[in-house]
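Please look over the sequence and the structure below.

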Amino acid sequence: MRKLEFPKTFLWGGGLADFQAEGGYEESGRGLTTLDFVTSGNIDQPRRLTYILPDGTKGVQPARGCALPEGARGYIDPDYYYPSLHAVDFAFHYKEDIKMLAEMGSSVFRFSICWTRLFPKGIEDEALEAGLKFYENIIDECLKYKVEPLVTICHDEIPAYLADEYSGWLNRKTIDCYLKLCKALFKRFKGKVKYWITFNEINSLNGYMALGCTQYDDYSRFVGAHHMFLASALAVKMGHEMMDDVMFGAMYASSPCYPLTCKPEDVFMQMQVRRRTWYFADVMMRGYYPGYAQTILEEKGVTLPIEDGDEEILREGTLDFYSFSCYRSTTVNVYSEFPIKGCDIMSMDTNPYLPTTAWGWPLDPMSLRYILNEVYDRYQKPVFIAENGLGEIDQADADGYVEDDYRIQYLKDHFKEIRKAICLDHVEVLGYTMWGCIDLVSLGTGEMKKRYGWIYVDMDDEGNGTKKRIPKKSYYWMQEFLTTNGANLEQEDEPLII
């Protein structure tokens with residue numbers, strides 16, 4: 001039996017987002033973002049967005065899935081807890097956190113830029129030196145341990161000022177603001193950062209939090225996406241002109257959706273659902289709108305505001321690699337409750353063949369191999385697994401130690417599928433960054449109870465705790481895995497289909 005091994009150049013590490021981990025919102029002149037107005041929540045109580053109207057009326061709306069009243073602005077109400085303002089204080093623990101990841105054996109660390117830490121409103125001509133220095137310190141700390149920084153430029157948020165004054169990504173002016181952010185980053189970190197992600201999960205963004213508009217509909221989603229496509233393409237072109245030996249990707253929510261049965265109608269429905277992911281990636285990876293895009297836009301009644309020169313911009317700014325998140329898989333059939341006219345690509349039917357987590361997410365290790373092959377077959381460009389992981393209720397002992405054998409098993413099962421994709425299917429995979437490598441605030445529920453990390457953070461759902469960092473059992477398992485290049489994974493036979 002041939003031994004299956006990961007390439008020596010494979011990048012292993014973890015990732016986090018600024019608003020889920022960073023904290024320090026009052027430091028160095030940082031401005032407010034659209035995600036700063038989102039309250040905590042839990043599996044039973046959805047997160048909410050607090051807002052204020054021009055006449056002073058205050059209101060609360062579910063953070064996802066609904067529009068805000070016209071003229072509404074994000075508002076911080078002293079009666080609510082807003083996790084993103086302090087999160088797990090990575091801003092004050094980054095040296096300790098990066099050292100722990102490096103000692104575990106990490107070779108890459110993914111983090112995101114808080115736009116308003118550099119440009120508080122988003123419209124300024126020059127970036128704040130304090131903000132640049134803040135991220136330079138993080139990058140230098142990574143390089144000190146020979147850990148590659150993987151930088152996400154924009155991660156699910158936008159400066160509140162751009163949202164309130166310009167309607168965010170519905171306005172082409174926001175493109176110029178984004179490019180000022182990129183130029184400041186590229187100029188400062190030239191030669192230090194090789195891997196860049198222009199936008200996070202661009203195919204699942206909508207509403208005030210992500211697009212910066214009060215609308216939550218197909219028009220705002222597709223028009224906002226068009227402007228983001230242009231911003232990404234212009235950033236890629238600029239980045240390659242300003243820097244040598246760099247690679248640009250965007251990140252897509254790519255968890256697979258299978259047809260529930262082999263009934264032709266179910267299979268065709270699944271194809272249409274998948275196109276809602278490919279729509280975004282096809283434009284950014286290939287540089288043009290695919291033929292089926294017109295069908296989607298006509299069904300949704302959307303006419304894109306394409307101006308002279310837009311098509312050339314898209315062609316000249318294609319991505320170098322495809323990065324994605326994959327946490328679960330879903331199913332769809334012709335009678336699904338979630339038809340293709342919806343917006344949330346993850347809100348599909350459950351898979352009756354799979355067990356689920358405490359939050360109802362199906363456990364499907366083979367989904368990673370499925371996506372890796374699906375993407376590489378389509379684009380023939382390198383692929384990066386930017387998010388994957390297990391959110392569970394970790395029970396720490398009196399010393400803060402967590403026996404998370406379930407996470408170890410999860411990683412084993414998923415790593416085997418990555419190895420098969422590389423060794424048996426010959427997919428070019430650049431690396432893997434586990435989501436929430438250090439426990440952070442959940443984006444979906446706004447709680448700490450849903451933990452992902454190798455490293456436990458002593459903090460509860462309301463922000464109470466010492467925020468002390470303690471390695472879990474999975475940390476030590478991962479350390480052995482990285483030290484031995486996966487020798488603690490069982491070897492298997494080599495059939496192409498398991």
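A polar contact is a pair of N or O atoms within 3.5 Å; within protein, one must be able to donate a hydrogen and the other to accept it, and residues adjacent in sequence count only if both atoms are side-chain atoms. The side chains of Ser232 and Thr198 make such a polar contact, at 2.9 Å.

This is a predicted model, in which local features need pLDDT of at least 70 and side-chain atom pairs count only at pLDDT 80 or more, while totals for chains, interfaces and linings use all residues. Residues are numbered from 1 along each chain as its sequence is written, and side-chain values use heavy atoms, with hydrogens and water left out.

Ser232 lies in helix H8; helices (H or I, at least four residues) and strands (E, at least two) are DSSP runs, numbered from the N terminus. With a relative accessibility of 1%, Ser232 counts as buried (buried means under 20% relative accessible area, exposed over 50%, partly exposed in between, with a 1.4 Å probe and protein chains only). Leaving aside residues up to four places away in sequence, Ser232 touches Thr198, Phe199, Met284 and Leu319, where contact means heavy atoms within 4.5 Å.

Two packed helices are described by the angle between their axes and the distance between the axes. Axes are lines fitted to C-alpha atoms, for helices over the stretch in contact, and angles run from 0 to 180 degrees between N-to-C directions. For H8 (residues 218-242) and H9 (residues 264-286), the axes come within 10 Å and cross at roughly 25 degrees. H8 and H9 are therefore roughly parallel to each other (angles under 35 degrees count as roughly parallel, over 145 as roughly antiparallel, 65 to 115 as roughly perpendicular and the rest as oblique). On the H8 side, Arg221, Phe222, Ala225, Phe229 and Ser232 meet Tyr279, Phe280, Val283 and Met284 of H9.

Ser28 counts as partly exposed, at 38% relative accessibility. Gly56, in the loop between E2 and strand E3 (58-62), is partly exposed with a relative accessible area of 38%. Gly56 and Leu11 are 45 residues apart along the chain, and their C-alpha atoms are separated by 51 Å.
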